[in-house]
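Please consult the sequence and the structure shown here.

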Amino acid sequence: MVEDDERQRRIEWLGQVCIGLHEQFGPLTEGAPAAYIPELSNVDPDLFAIAAVALDGQEQLTGDHDHLFTIQSISKLLLYGLALETHGREAVLERVGVAPTGDLFNAIELDEERHRAPNPMVNAGAIAITDMVGGSREERIEGSAAMFERYLGRRPEIDDAVWKSERATGNHNRAIAYLLLSHGIIEDRVEETLDVYFAQCSVLVSARDLAMIGATIANSGVHPVSGEQIVSPRVARDMLTVALTCGMYDYAGEWAYTVGIPAKSGVGGGIVGIIPGAGAVAVFSPRLDEHGNSVRGLRVFEALSEEFDMHLFDFDRPWTRA
Ligand code: DON
């Protein structure tokens, strides 16, 4: 039981450090909430939460941890898992590769050789993945809602104002979708697919929810509280791989170098960092940098990674199941 005591001590220590980092980075007001989706700029920019969830479901929560915000691109990671579960790796790879782009998350570009979306973490990839969810518009929205319900433990709520706002202003995504259509990667129902994609991005989550989602993936796809196997260990592995290589967009290389754990960010201000075999940490703070990543979020993860030897290639990392 010495090991259990040690694990417990470490989880509580993590909670204390999160409280300290919340105080330390609270005064940081660099960056600005996303404005290209008009409704997102209405958020209170000072909101700030840090949440951690261990594999046994224990939570360490700081700040505005129950405040709901739109999940945005973090949904891409979950949708990728659903597509892999439903269609298998080969079918998904036909449409979406696994190469980091080094470009903006909404770059209008495809894989040069095969004309697939470059990876599932950028908008092109997520739109292609969304097209794979079959059925009528309502059935497709329900299909992804059912998936969110398993992660969240409740019916997902959609922020209608953000959903509408994205629909009204999402011409950049329309350009991406038509490029995908012209190469036969998606079917000829662009408006409908985008509507489903925007709905997914507008699902409301808290920092605490994000940490629970991350802990599920860290736990080989088993939800720490419900015990449900949401994705298979193999699919969880694929999700972790693309989160590590592509989850932070054109910042992914720097992130892997400094923080060194799989992660996914969204323009709603959330970042979830996943520590395989240990748990997950989520930060919510809506001020973003030029890459679309939360400024305070980056600082918190850099400090945490340093303090806890979280980097996957830290030789003494204590964050393993064994
Ligand atoms: O499609 C979009 O542009 C947004 N709904 C999602 C983008 C996003 O979250 C990128 N994240 N940093």
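On a 1 Å grid over the protein atoms alone, a cavity is a set of points where a 1.4 Å probe fits but cannot get out. The space taken by the ligand is the largest cavity. The model is predicted, so local features need pLDDT of at least 70 and side-chain atom pairs pLDDT 80 or more, while totals for chains, interfaces and linings use all residues. Residues are numbered from 1 along each chain as its sequence is written, and side-chain values use heavy atoms, without hydrogens and water.

- Around the ligand are 16 residues (a heavy atom within 4 Å), of which Tyr-36, Gln-72, Ser-73, Glu-166 and Tyr-197 come nearest.
- By class, this shell has seven nonpolar, seven polar and two charged residues.

**Polar side-chain atoms at the ligand**
- Gln-72 places a polar side-chain atom 2.6 Å from a ligand nitrogen atom.
- For Tyr-249, a polar side-chain atom lies 2.9 Å from a nitrogen atom of the ligand.
- For Asn-173, the distance from a polar side-chain atom to a ligand oxygen atom is 2.9 Å.
- The protein covers 99% of the 340 Å² of accessible area (Shrake-Rupley method, 1.4 Å probe) that the ligand has on its own.

**Cysteines**
- The structure holds zero disulfides (cysteine sulfur pairs within 2.5 Å).
- The sulfur of Cys-246 is too far for a bond, because the closest cysteine sulfur, in Cys-201, is 17 Å away.

Key: Polar contact = N/O pair within 3.5 Å; in protein donor to acceptor, adjacent residues only side chain to side chain. 1 Å grid on protein atoms, 1.4 Å probe; cavity = no way out; pocket = protein on both sides within 12 Å on 5 of 7 lines; lining within 4 Å. Sits in = over half its atoms within 2 Å of the grid points. Nonpolar A, V, L, I, M, F, W, Y, C, P; charged D, E, K, R; others polar.
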